[in-house]
Amino acid sequence: MDVIRVGIIGTGGISRAHHHAYQKAGGFEIVAVCDILPDKALQAAQEWNLPKARAFTSLDQMLMSVDIDTVSVCTYNQAHKQPTVTALQAGKHVFCEKPMAATLADATEMVKTAKSSGKILQIGIHSTFSSDIQFARQLFDDGVLGDIYYAETTATRRRGIPGHTFIYQKTAGAGAVVDIGIYNLHNALYVMGYPKPIRVSAITADYIAHQDPRWHEMDVEEFGAAWIRFDNGAVLLFKVSWAVHQNSLGGSYFLGRDAGISLIGEWTGGGLVVYADSLTEQIQNLAQANNYGVETEVGDKGWFDQEMVDIKFSGLPEVDVWKAQMEAFGRAVRSGSPAPIPPEGVVLTNVIMDGIFRSQACGQEVIVEVPNF
Ligand SMILES: NC(=O)c1ccc[n+]([C@@H]2O[C@H](COP(=O)([O-])OP(=O)(O)OC[C@H]3O[C@@H](n4cnc5c(N)ncnc54)[C@H](O)[C@@H]3O)[C@@H](O)[C@H]2O)c1
C-alpha cells in the first residue's frame, strides 16, 4: 500500500487536527469527507483541496463512491458507534476519536465488530504516546515496580467548561469524566497493565456550571471522582474537573510493591520520577536501552535512617503525540499488526465510566463487569 486513503467523518474542530497529524505523519491521503451538515462537509473539502463530489452527507454514500482504506471518526461522542461499526463492516480500518463511545453498550459493540471484521480499531488517546507514559509502562512491564497496588490519577481545570457540543447529553453523553478524564483513566490503566475493574464508588457534580448563566442548559457533569477496585486487589483513585474551587486535585502516581512512580507535568516528557530503596542495575539498563540519563537524589531517610532514592531521567523526548499516534496507526494498517492501543484495553474506561454514573445515581458502590470479547 503506497498511500493510506482516508475518509473523514465529522468535519468539526477535531477533524482539522486529524488532517494536520496525517500530513505530519506522512503516507496518508485524505480522499473524502462526510458530515451530516452539508455546508460543513463542503467547507472541509474546500479547505483540503478536494473536489465538491468528495464531500458527502452519508457515510454509506462515501464508502460506496470512493476507494478508502481507513476512516477517521471525528463525530461527537454519541455518534462514534454507528460510523465505526459501518466502516469496520465495510472492511475499513478505523481511527476513532476519544472517548471510545458515550456508552458502554456502544463501546462493546465497536470492539466486537472490530474483532469480527479483523480490522484495526484505534482510539485517539494521543497522550498515551508521550515518553513519560511509555517509559512508565516499560518500568511496569519489566517488573521494576512489582505489582501496583494503588494509584491516583487526576486532571484539573479550575475553570474550563468547553461549551459547544461537549456539554449536552444528546451529543457528548457525559461531561468532564469522558472528555478530559478519559486520558487519565486510560493512561493509568495502561501503566497498570489493564487490570480488570470489578467495583466503582463515585461522585459527579455540576454545581459551579449552574451558577453561571452561560451554562444553564448544560446537562452533564463538571466534576467526577471515583474509587475503582480491580480483581487483582489494586485500587485507583480518579479525579477530574472542568470547574472546581481548587487549583489542583492532586498529581498522578503509582505505588508498586518494589518501587513507585510519580508523573509531574505528565505527557510532556521529563516529568517521571521513580521512588525506590536503591538504584538497581535493572533500572539503569532500562534507561540505557532508551538512551535516557539517570540522576539520583538520596531521598528522605525517614525515621529509621534507611537509604532511599529518588530517580530522575534525562533525555525523555517531548513527543509530538498527534504525529506519533497516526504513525503508529499507519504502521499497524500497513503491517496488519494489532491496534497500537488495544480496543479491549480502552473499553475498560467505558466499563469504569458506566460504573461512575451508575454509582452517582444510586449513591453507593456498584459492581462493574468487563464484557467478553
Ligand atoms: N483528541 C483531542 O484532543 C480532542 C479534542 C477535541 C475533541 N475531541 C473529540 O473529537 C470528537 C469531535 O469533537 P469536535 O470538537 O470536532 O466536535 P464538533 O461538534 O465540532 O464536530 C462534530 C461534527 O460531527 C458531525 N456529525 C455528527 N454526527 C454525525 C454523523 N452521524 N455523520 C456525519 N457527521 C456527523 C457534526 O455535524 C459536527 O460537524 C469528540 O468525540 C471529542 O471528544 C478530541
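This is a predicted model: local features need pLDDT of at least 70, side-chain atom pairs count only at pLDDT 80 or more; totals for chains, interfaces and linings use all residues.
Local features are described where pLDDT is at least 70 and side-chain atom pairs count only at pLDDT 80 or more, whereas totals for chains, interfaces and linings use all residues. Residue numbers start from 1 along each chain as its sequence is written. Helices (H or I, at least four residues) and strands (E, at least two) are DSSP runs numbered from the N terminus, and two strands are said to pair if DSSP finds at least two bridges between them.

**The parallel sheet**

Begin by selecting the open sheet of 6 strands, whose order is E3-E2-E1-E4-E5-E6 and whose pairing is parallel. Its edge strands are E3 (55-56) and E6 (121-124), each of which pairs on one side only.

Next select strand E4, residues 70-73, which is covered on both faces: Thr70 and Ser72 on one side, and Val71 and Val73 on the other, are all buried. Here a residue is buried if 20 or more other C-beta atoms lie within 10 Å of its own, exposed if 12 or fewer, and partly exposed in between, with C-beta atoms placed from the backbone. Strand E1 (residues 4-9) runs parallel to E4 and is joined to E4 by 4 bridges, and there Ile9 has Val73 as its bridge partner. Strand E5 (residues 93-97) is likewise parallel to E4 and joined to E4 by 4 bridges, with Val71 standing opposite Val94.

**The mixed sheet**

Now move to the open sheet of 10 strands, with mixed pairing and the order E14-E15-E13-E12-E11-E7-E10-E9-E8-E16. The edge strands of this sheet are E14 (293-298) and E16 (366-367), each pairing on one side only.

Select strand E8 (residues 197-205) together with E16, and the two are found to pair in the antiparallel sense over 2 bridges; Val200 has Val366 as its bridge partner, while Arg199 stands opposite Ile367.

For a loop position, select Ile264, which sits between strand E12 (260-263) and strand E13 (272-276). Ile264 is partly exposed, with 14 other C-beta atoms within 10 Å. Leaving aside residues up to four places away in sequence, Ile264 touches Gly251, Gly271 and Val273, where contact requires that C-beta atoms, placed from the backbone, lie within 7 Å.

**Helices around the sheets**

Select helix H6 (residues 131-141), whose buried residues are Ser131, Asp132, Ile133, Phe135, Ala136, Leu139 and Phe140. These buried residues pack against E7, H9, E12, E13 and helix H10 (281-289). After H6 comes Gly143, whose phi is positive, near 85°.

Continue to helix H9 (residues 181-191), which lies across strands E7 (148-156), E9 (223-230), E10 (235-241) and E11 (252-256) and runs at about 160° to E7. For such angles, axes are lines fitted to C-alpha atoms, for helices over the stretch in contact, and values run from 0 to 180 degrees between N-to-C directions.

Then show helix H12 (residues 343-362), whose axis comes within 9 Å of that of H9 and crosses it at roughly 125°. H9 is therefore oblique to H12, since angles under 35 degrees count as roughly parallel, over 145 as roughly antiparallel, 65 to 115 as roughly perpendicular and the rest as oblique. The contact is made by Ile182, Leu185, His186, Leu189 and Tyr190 of H9 and by Gly345, Val346, Leu348, Thr349 and Ile352 of H12. The crossing of H9 and H12 is right-handed; a crossing is left-handed if the near helix is turned anticlockwise from the far one by less than a right angle, and right-handed if clockwise.

Finish with helix H5 (residues 104-117), which packs with H12 at an angle of about 165°, their axes being 9 Å apart. H5 and H12 are therefore roughly antiparallel to each other, and their crossing is left-handed. The residues making this contact are Leu104, Ala107, Thr108, Val111 and Ala114 of H5, together with Pro343, Glu344, Val347, Asn350, Val351 and Asp354 of H12.

Terms used:
Two residues are in contact if their C-beta atoms, placed from the backbone, lie within 7 Å.
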